[in-house]
Amino acid sequence: MMATFRMAAGAALLSLAAMPVLAADKAVPDAAAIERGRYLAMAGDCIACHSVPGGQPMAGGLALATPLGAIVATNITPSTTHGIGNYTLKQFSDAVRHGVRADGANLYPAMPYTAYAKVTDEDTAALYDYFMHGVAAVDKAPAQQTDLPFPFNIRLSMAGWNWLFLDKKPFVADTAKSMEWNRGAYLAQGLAHCTTCHTPRNALMAEQLSKELGGADLGTWYAPNITSDVNSGVGGWSQQELVGYLRTGRAANKAQAAGPMAEAIDHSLKHLNDADLNAIAHYIKSVPAIRDKADTQPVTQWGKAGDELASIRGVPLPQNLNKMSGAQLYDAQCASCHQAKGEGSFDGSLPPLFHNSVTGRGNSNNLVMAILDGVERQDRNGSHAAGHLMPAFRQTLSDEQIVTLGNYVQKMYGNPDVKVTAEQVTTLRNGGPASNLIGLARAGIIVGVLVLLALLLWWRGRRRKAM
């Protein structure tokens with residue numbers, strides 16, 4: 001029965017909730033406190049989820065696709081009618097760090113309060129000062145609301161999930177480590193919430209901290225292993241290379257950011273100061289190594305320059321364009337930017353396809369997603385003006401063509417043992433694999449009811465015998 005309860009409790013995830021308004025603290029902090037809170041909110045990347053690109057900051061409305069349905073971010077401006085303007089510091093802290101709204105209802109950890117629980121009292125107060133006095137109030141609710149299917153619309157289940165998995169203790173410094181390591185651990189484990197994406201989860205969707213930063217599927221994109229392992233992680237990166245990547249999203253002959261990581265860099269990491277970026281990099285490089293057995297060499301060292309395009313020059317295209325060869329597809333769609341030999345653009349702004357972690361990893365999801373949705377970089381206000389580094393081919397290429405092209409790129413420039421499959425492309429195009437949590441939770445509820453009925457019948461039978 002306890003196992004059933006835990007399964008049902010842990011299954012209810014991935015929803016944001018509007019925070020009801022109650023009495024707020026009135027004291028106006030000084031400018032320095034508000035600025036400190038602004039910096040911390042940037043480290044926490046609050047704007048990424050709670051703002052629509054081009055819209056008003058922190059006003060909510062962004063629909064986040066999940067296997068359980070769309071999660072609509074809420075208004076967290078200091079509006080007293082539609083935001084959190086009447087929240088007290090304690091209510092704000094309970095919501096941010098413990099996932100409990102001011103009315104006592106539980107939040108769902110699409111907002112990573114399990115990581116924000118590490119934030120100190122002082123930094124929480126600074127965040128409160130910023131949200132109450134440094135963010136413009138928007139007196140309007142998002143046009144749509146989160147509407148998840150039963151049983152995920154029942155918040156009470158999160159109390160059980162929190163009991164099982166939420167560690168409420170703020171970060172405690174390790175006195176055996178350096179100040180830089182402790183600062184990096186505090187940021188990476190807390191506000192920057194690196195483990196939220198890069199750590200695999202168990203059947204109840206809680207982080208497996210024994211595999212911290214070991215890599216995890218995010219539905220479509222794959223958050224790679226960033227432990228200190230030389231082959232699978234960043235053990236072969238210098239601290240300077242890692243800092244450069246966190247600031248720019250690029251590390252020559254290693255990696256380039258796309259998807260959720262590009263958003264994290266554009267909205268958050270690139271705005272942090274050098275000391276904090278160095279501290280995060282220092283900590284990440286200290287995380288115990290986890291290696292994928294398939295990584296027989298560093299994922300950034302697979303492949304080399306190669307050119308098969310001469311062999312297809314003058315060869316007519318097939319009538320059925322789905323039957324184009326990988327070389328033909330590469331010539332038509334990729335060579336103009338990545339060059340005939342896959343060496344990337346001449347100015348270095350577009351990466352080579354060899355010595356690239358995207359084509360060197362055992363998981364090819366990010367290659368497929370880059371082909372489907374392209375690579376975009378945004379400015380601080382969410383505008384796409386920062387650049388479309390790679391166009392999206394979702395509307396241009398069929399699933400069959402993406403399979404052919406992806407496998408050609410892997411064979412020519414990456415790990416040739418890694419394949420792109422038709423099922424994989426179809427699944428990623430449609431938003432990722434279907435979640436089994438809905439069926440799991442509903443089954444858990446049915447089993448729980450049956451167990452309860454059995455216990456009641458057993459108790460009733462004992463009473464009759466006693467009489």
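Trainee: What makes the pair of Lys323 and Glu400 a salt bridge?

Mentor: Their closest N and O atoms are 3.0 Å apart. A salt bridge is a side-chain nitrogen of Lys or Arg within 4 Å of a carboxyl oxygen of Asp or Glu, so at 3.0 Å Lys323 and Glu400 make one. Keep in mind that this is a predicted model, where local features need pLDDT of at least 70 and side-chain atom pairs count only at pLDDT 80 or more, while totals for chains, interfaces and linings use all residues. Residues are numbered from 1 along each chain as its sequence is written, and side-chain values use heavy atoms, with hydrogens and water left out.

Trainee: Where do Lys323 and Glu400 sit in the chain?

Mentor: Lys323 is in the loop between helix 12 (274-284) and helix 13 (326-333), and Glu400 is in helix 17 (residues 399-413). They link distant parts of the chain, 77 residues apart. Helices (H or I, at least four residues) and strands (E, at least two) are DSSP runs, numbered from the N terminus. The protein chain has 19 helices and eight strands.

Trainee: Why is Lys323 called exposed?

Mentor: Its relative accessible area is 52%. Buried means under 20%, exposed over 50%, and partly exposed in between (1.4 Å probe, protein chains only). Lys323 is at 52%, so it counts as exposed. Glu400, at 35%, is partly exposed.

Trainee: What makes Asp266 and Arg377 buried?

Mentor: Asp266 has 2% relative accessibility and Arg377 has 9%. Both values are under 20%, so both residues are buried. They also form a salt bridge, with the closest N and O atoms 2.6 Å apart. Asp266 lies in helix 11 and Arg377 in strand 7, so the pair ties together parts that are 111 residues apart in sequence. A network of salt bridges links Asp266, Lys270 and Arg377.

Trainee: Which residues of helix 11 are buried, and what covers them?

Mentor: In helix 11 (residues 259-267) the buried ones are Gly259, Ala262, Ala264, Ile265, Asp266 and His267. Their cover includes helix 2 (31-43), helix 3 (46-50), helix 10 (239-248) and strand 7 (375-377).

Trainee: What makes Arg97 and Asp121 a salt bridge?

Mentor: Their side chains meet at 2.8 Å, N to O, which is within the 4 Å limit. Arg97 is in helix 4 (residues 89-98) and Asp121 in helix 6 (residues 121-133), 24 residues apart. Arg97 has a relative accessible area of 9%, so this residue is buried. A search of the whole structure finds 16 salt bridges.

Trainee: Why is helix 4 called roughly perpendicular to helix 6?

Mentor: Their axes come within 10 Å and cross at roughly 110 degrees. Axes are lines fitted to C-alpha atoms, for helices over the stretch in contact, and angles run from 0 to 180 degrees between N-to-C directions. Angles under 35 degrees count as roughly parallel, over 145 as roughly antiparallel, 65 to 115 as roughly perpendicular and the rest as oblique. That makes helix 4 roughly perpendicular to helix 6.

Trainee: Which residues meet there?

Mentor: Leu89, Phe92, Ser93 and Arg97 in helix 4 meet Asp121, Thr124, Ala125, Leu127, Tyr128 and Phe131 in helix 6; contact means heavy atoms within 4.5 Å. By class, six are nonpolar, two polar and two charged. Ala, Val, Leu, Ile, Met, Phe, Trp, Tyr, Cys and Pro count as nonpolar, Asp, Glu, Lys and Arg as charged, and the others, Gly among them, as polar.

Trainee: What makes helix 8 and helix 12 roughly perpendicular?

Mentor: Helix 8 (residues 179-189) and helix 12 pack at about 90 degrees, with axes 7 Å apart. An angle of about 90 degrees falls in the 65 to 115 range, so these helices are roughly perpendicular. Their contact has seven nonpolar, four polar and three charged residues.

Trainee: How do you know that Asp45 and Gln339 are buried?

Mentor: Asp45 has a relative accessible area of 13% and Gln339 is at 14%. Both are under 20%, so both count as buried. Asp45 is in the loop between helix 2 and helix 3, and its phi is positive, about 60 degrees, although it is not a glycine. Gln339, in the loop between helix 14 (335-338) and helix 15 (357-360), has a positive phi of about 70 degrees and is not a glycine either.

Trainee: How many of the 467 residues of the protein chain count as buried?

Mentor: The share is 49%.
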